[in-house]
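Subject: Structure handover

Hello,

Here is the structure for you to look at. My notes on what was found follow below it.

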Amino acid sequence: MLSIGVDIGGTKIAAGVVDESGEIIAATTRSTPATDTEQIEAGVADAVAELRTDHQVVGVGVGAAGFVSSDRRTVKFAANLAWREHALADELERLTGLPVVVENDANAAGWAEYRFGAATEARHMLMVTVGTGLGGAIVLDGQLIRGSGGFAGEVAHMTAVPDGQWCGCGRQGCLEQYTAGTALVRTAKRRASAGDALMGPLLQAAGGARKEIDGPLITRLAQQGDPGARELIAELGSWLGVGVASISSLLDPDMIVVGGGVAAAGDLLLDPARTAYAGHLTARTHRDLAPFVLAGMGNRAGIVGAADLAR
């Protein structure tokens, strides 16, 4: 039984036909006009039509960045896409003639890891995606946790530092402001501006221009052994571990899956996270530590997870 998974990002629509084992057997992409809902939907419908040409599918799952209603029909709000209380599933069903379910993109990726990726041995999984922002997905006893209104799993907006760094959500001190790729780059630029000698190699690698410092550059230098870049990633990892310890006090997961672009740093990120997690975990000496593992599905996760949830 085949289904189609669609991953809608800020610049690209990626879609694929997925089988019951989580394998993508056909794929296609479209550009994403983020400010035009009708064009986004037309792009999704066009991708689905192309994929249906050679494959019989039972439905479509759509992973979208934003807050999705618990019935998986409506995108209630998306910060970077033009959706406000938008009945996306209804519109796509009208355009495609297929049953459609909509899921938050982090939830879709987390479900893929739980079903087919790094967390297949887990019963209770917390996934965090450390990229431009911070995403989260929670699976407990085989159930993807959505909450009463579909807002569960938004780990990015837990308060980490009261009255701390302003967040795009309008509040201060959210965990995302200390653990995401934007925080990594912001800290590097601030320290370079202050003349921090440890940032010298990073600034040199950026051609002497602070504006050219980005996450992949920091990760590359860290992997090459640069002390300053390693220190930046370790600081971010420590914040991540503190946040995961707080989440674990509530949910008690048996596995922590870490994905996203910053996760390319591997143990340079995970080791400080593990240390901080162990140091801040409630009743540490009386419980098992959940392992931190890297996500295994890569860019396929959103497509595979959305398709599996649709099936």
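Helices α7 and α8 pack with their axes 7 Å apart, at an angle of about 115°. Axes here are lines fitted to C-alpha atoms, for helices over the stretch in contact, and angles run from 0 to 180 degrees between N-to-C directions. The angle makes α7 roughly perpendicular to α8 (under 35 degrees counts as roughly parallel, over 145 as roughly antiparallel, 65 to 115 as roughly perpendicular and the rest as oblique). Helices (H or I, at least four residues) and strands (E, at least two) are DSSP runs, numbered from the N terminus.

This is a predicted model, in which local features need pLDDT of at least 70 and side-chain atom pairs count only at pLDDT 80 or more, while totals for chains, interfaces and linings use all residues. Residues are numbered from 1 along each chain as its sequence is written, and side-chain values use heavy atoms, with hydrogens and water left out.

Back to the helix pair: α7 passes α8 in a left-handed crossing, meaning that the near helix is turned anticlockwise from the far one by less than a right angle (clockwise would be right-handed). On the α7 side, the contact (heavy atoms within 4.5 Å) is made by Ile218, Thr219, Leu221, Ala222 and Gln223. Ala229, Arg230, Leu232 and Ile233 make it on the α8 side.

Next, the cores. A nonpolar core is a set of buried Ala, Val, Leu, Ile, Met, Phe, Trp, Tyr and Cys residues joined through side-chain atoms within 4.5 Å. Buried means under 20% relative accessible area, exposed over 50%, and partly exposed in between (1.4 Å probe, protein chains only). The largest core has 40 residues, and those touching the most other members are Leu126, Leu134, Leu202, Ile218, Leu240, Val258 and Leu269. Elements that each supply at least two residues of this core include β9 (124-130), β10 (134-140), α5 (181-193) and α9 (267-280). Its largest share, eight residues, comes from α8. Beyond four places in sequence, Leu134 touches residues including Val128, Val155, Leu175 and Leu240. A second, separate core of 29 residues includes Ile8, Ala15, Ala64 and Leu88.

Val262 lies in the loop between β12 and α9 and counts as buried at 8% relative accessibility. Its C-alpha atom is 7.3 Å from that of Thr219, 43 residues apart along the chain. Not counting residues up to four places away in sequence, Val262 touches Val130, Gly131, Gly181, Leu236 and Leu269.

Ala89 is in helix α2 (residues 88-96) and is buried, at 0% relative accessibility. Leaving aside neighbours within four places in sequence, Ala89 is in contact with Arg72, Arg73, Val100 and Val102.

Last, how many disulfides are there? The count is zero, where a disulfide is a pair of cysteine sulfur atoms within 2.5 Å. The closest cysteine sulfur to that of Cys167 is in Cys169, at 3.8 Å, too far for a bond. For Cys174 the closest is also in Cys169, at 3.7 Å, again too far. Cys167 is buried at a relative accessible area of 8%, and Cys174 is buried at 0%.

Regards
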